[in-house]
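Dear colleague,

I am passing on the structure below, with notes on what I found in it. Please read them with the model open.

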Amino acid sequence: MFGSSAASRQLLRVRRVLIGLQVALLLFSMVAPVGTIAAEPSPTLTASPAPATDPTPSVAPSPSLDPAPSSDPAPSVAPSVPPLDPTATPAPTPDPTVAPAPSLAPDPTPTPTPSPVAVAPYIVTFVNGTSAADQSAALAAAGAVDVDSIAVLRMHAVQASDTAATALRADASVASVELDRSRAAEATPDDTSYADQWSLPKIGWDQVYGSISPSGTTIVAILDTGVDGSHSDLAGKLVGGISLLGTDPTTDSNGHGTAMAGIVAAGTNNGTGIAGVGYAGVKVMPVTVLNSAG
C-alpha cells in the first residue's frame with residue numbers, strides 16, 4: 001500500500017515536470033518570431049498544486065509579453081522607380097529658335113460683302129398688240145419684278161434696277177418706262193360728279209391719275225352734234241372744228257356731243273362736273289355731223 005502511494009507521487013512529479021516543459025516550449029515558440037527578447041526577465045511560471053483527488057495540474061495564465069520598442073525605427077521604403085527602357089526613343093527637344101507654324105490663321109484681307117443692287121419703282125407700258133405672255137417675258141428678261149398691272153392699258157408697275165430699266169427702254173415692244181412717283185393727295189379728283197363715273201376705276205384710271213403726268217398732247221375729234229364751247233368744264237379744251245351742217249361747231253343744240261367731249265377732256269380736279277379720261281395733254285376738235293334731233 002505504501003509502495004503504491006510512493007509510485008503515484010513519483011508519477012505525479014514526472015507529469016508536472018513534463019507539463020512545465022510543454023509550457024516552456026509553448027512560450028518560447030510564441031516569443032521566437034519577434035526577433036528580440038525583452039530586457040525584463042520573464043516572470044517565473046508557477047503552477048498551483050493540484051488537489052490530491054485531481055491528478056491534472058492547474059497552469060497559471062501566462063503574462064503578456066511586451067517587447068521593448070526598437071530604438072532605431074525602420075526607415076521608410078523609397079518609391080520604386082521603373083527601370084529605363086533602353087529601346088525607348090527619347091522625345092525630341094523643341095528648337096527654341098524655330099517659331100511654330102500658325103494653325104489656320106485667318107485671312108487678313110476679309111472678303112468684301114457685295115452691295116445690294118438698288119431698285120426703284122417704274123411704270124412700264126407696252127405698245128399696242130403686245131400679248132400678255134410677251135409682256136411678262138420682256139420684264140423677266142430685263143430682270144424687273146412685276147408688282148401690279150393694268151391689263152387693258154398694257155401697263156405694269158415693276159421694281160427694277162437702273163440696268164433693268166435701260167434694258168426695257170431698248171426693247172421694241174416697250175412704249176415707255178417712267179419712274180413710279182408717289183401719288184399726290186389729289187389722286188382722287190374733287191369733281192362733283194366723279195363718284196358717278198364708275199367706269200374710270202374699271203379701267204384703272206384711278207391708279208394712274210396723280211401718279212403719271214403725260215408729256216405729250218393729243219387732239220381727239222368728236223363727230224357728233226357739236227360741242228358747247230362755253231361749258232365751264234371744257235374751258236381751254238377745244239380747238240377749231242367744222243360742221244357738215246353749216247352750223248357753228250362750238251354750239252350744241254342737242255347736248256350729246258358736249259357730253260362726249262366731257263368724257264374725253266373735261267377739266268379734272270376743278271371742283272365741277274366730271275373728270276376727263278384724258279386729264280392732261282388732251283384737246284377736243286368738234287365736228288358737227290348730226291342735227292339737234294341726233
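Two strands are taken as paired here if DSSP finds at least two bridges between them. The model is a predicted one.

On that basis, four strands form an open sheet in the order E4-E5-E3-E6, and the pairing is antiparallel. Strands E4 (145–150) and E6 (174–179) are at the edges; each has a single partner strand, so one side of each is left without a neighbour in the sheet. From one strand to the next, the twist averages 25 degrees.

Strand E3 (residues 120–126) and E6 run antiparallel and are joined by five bridges. Tyr122 is found opposite Leu179 in E6. Helix H2 (residues 132–142) packs on the sheet, where it touches E3, E4 and strand E5 (155–160). The direction of H2 makes about 145 degrees with that of E3.

Which residues of the largest nonpolar core touch the most other members? They are Val124, Leu139, Val158, Leu168 and Val177, out of 14 residues in that core. Two or more residues come from each of E3, H2, E5, helix H3 (162–169) and E6. Apart from its neighbours within four places in sequence, Val124 has contacts with Leu139, Arg154, Met155, His156, Val158, Leu168, Val174, Ser176 and Val177. There is also a second, separate core of twelve residues, among them Ala157, Leu200, Ile212 and Tyr279.

Next, helix H6 (residues 256–265). Its buried residues are Gly257, Thr258, Ala261, Gly262 and Ala265. Viewed down the axis of H6, these buried residues fall within an arc of 140 degrees, so they line one face of the helix. The general rule is that an α-helix has 3.6 residues a turn, so residues three or four places apart point the same way. Strand E7 (218–224) and strand E9 (282–288) are included in what covers the buried residues of H6.

Last, the confidence. The pLDDT averages 78 over the chain, and 70% of the residues score at least 70. Residues 34–39 have a pLDDT below 50, and beyond near neighbours in sequence this stretch has three contacts in the model. Residues 41–78 also have a pLDDT below 50; that stretch has 22 contacts in the model beyond near neighbours in sequence.

Regards

Technical notes:
Residues are numbered from 1 along each chain as its sequence is written. This is a predicted model: local features need pLDDT of at least 70, side-chain atom pairs count only at pLDDT 80 or more; totals for chains, interfaces and linings use all residues. Side-chain values use heavy atoms; hydrogens and water are left out. Axes are lines fitted to C-alpha atoms, for helices over the stretch in contact, and angles run from 0 to 180 degrees between N-to-C directions. Contact means heavy atoms within 4.5 Å. Buried means under 20% relative accessible area, exposed over 50%, partly exposed in between (1.4 Å probe, protein chains only). The arc is that of the directions from the helix axis to the C-beta atoms. A nonpolar core is a set of buried Ala, Val, Leu, Ile, Met, Phe, Trp, Tyr and Cys residues joined through side-chain atoms within 4.5 Å. pLDDT is the predictor's confidence in each residue, from 0 to 100.
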